[in-house]
Amino acid sequence: MELLDGKKISNDIKDEIAAEVAAMKQRGERAPHLAAVLVGNDGASLTYVGAKVRSCERVGFDSTLVKYETDVTEAELLAKIDELNNDDAIDGFIVQLPLPKHIDEQKVIMAIDPSKDVDGFHPTNFGKMALDMETFLPATPFGVMELLDRYKIETSGKHCVVIGRSHIVGRPMSILMGRKGNPGDSTVTLTHSRTQNLEAICKQADIVISALGVPNFVKAEMVKEGAVVVDVGIHRIPDNSEKGYHITGDVDFEAVSKKASYITPVPGGVGAMTIAMLLKNTLIAGQNRKR
Ligand code: NAD
């Protein structure tokens, strides 16, 4: 078994981006600028946005954090999005999800200028992805593709089972794995909460990508000997440690790693890649704006 080391690969990518930014600055160009909009005080969202902003510093990007209390109105949020869309100093921005229930997430996503949508959630970008056009790929599936690529995992003709069909992970993941190219060219089965005989389907997979959000759901019995296993799940499990919790994934790592040929750890797998790919999208957005 070999680990798909997202921590190492994401650091390599950040180094590559930092070198590009240094070259941009040397040419007298300004650094890419990412803005993040955060609503409320959800612990996980605060952690993710904090990490995104810190990563900007690490690669030499400018960053702006826009924070709102939970009771911000939809109109106020949409006005801020309009402002960011029209601010030439901002190359790309994200609105951290989930949003409070009184705000229509779809409306918010639709309001983002697709050329600044570095999360790749806008229907224009999602559609371009599905049509093999150049666009911003959603960061988490993009991170999985990059990991498979850098470890030279053979995906052509392989059976890939994706568990979960969310708009930000499972659905785009299934599209990317089925697209022409490498990684890609897989025969994809997209499974979800209504899927019957999931265990049997999973057992046929050469590549399992788990994004359902249930801790330790994927057991050794569900995985074929030699399969590649990618665990997108992230769960905070309360414990008696100093932090008060530890992080685990959707996969029973202990048992599944004994059967897998390659497997992502959690933490240090896909999660680390997600931020690196957001930075990559922002770099591309910055370079596009200079054309
Ligand atoms: P979601 O809740 O939006 O979607 C979960 C999907 O799993 C749904 O399509 C549902 O049909 C399916 N599902 C639920 N129970 C199932 C079951 N028993 N069998 C088969 N399918 C089932 O979740 P999401 O936003 O896609 O996130 C999934 C997991 O990935 C979460 O743990 C989340 O924290 C994590 N995540 C990680 C990253 C990262 O950077 N690594 C990014 C986003 C999400």
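What distance separates a backbone N or O atom of V232 from a nitrogen atom of the ligand?

Author: First, the ground rules. The model is predicted, with local features requiring pLDDT of at least 70 and side-chain atom pairs pLDDT 80 or more, while totals for chains, interfaces and linings use all residues. Numbering runs from 1 along each chain as its sequence is written, and side-chain values use heavy atoms, without hydrogens and water.

Now your distance. It is 3.3 Å, from a backbone N or O atom of V232 to a nitrogen atom of the ligand. That counts as a polar contact (a pair of N or O atoms within 3.5 Å). For R165, a backbone N or O atom lies 2.8 Å from a ligand oxygen atom. For S193, the corresponding value is 3.1 Å. On its own, the ligand has 860 Å² of accessible area (Shrake-Rupley, 1.4 Å probe). The protein covers 71% of that.

Next, the surroundings. The ligand is surrounded by 21 residues (a heavy atom within 4 Å).

By class, the shell holds 10 nonpolar residues, 10 polar ones and one charged residue. Gly counts as polar here, and the charged class is Asp, Glu, Lys and Arg.

Which helix gives the most to this shell? Helix α10 does, spanning residues 270–290 (a DSSP run of H or I, at least four residues). Three residues of α10 belong to the shell.

Conventions:
A polar contact is a pair of N or O atoms within 3.5 Å; within protein, one must be able to donate a hydrogen and the other to accept it, and residues adjacent in sequence count only if both atoms are side-chain atoms. Helices (H or I, at least four residues) and strands (E, at least two) are DSSP runs, numbered from the N terminus.
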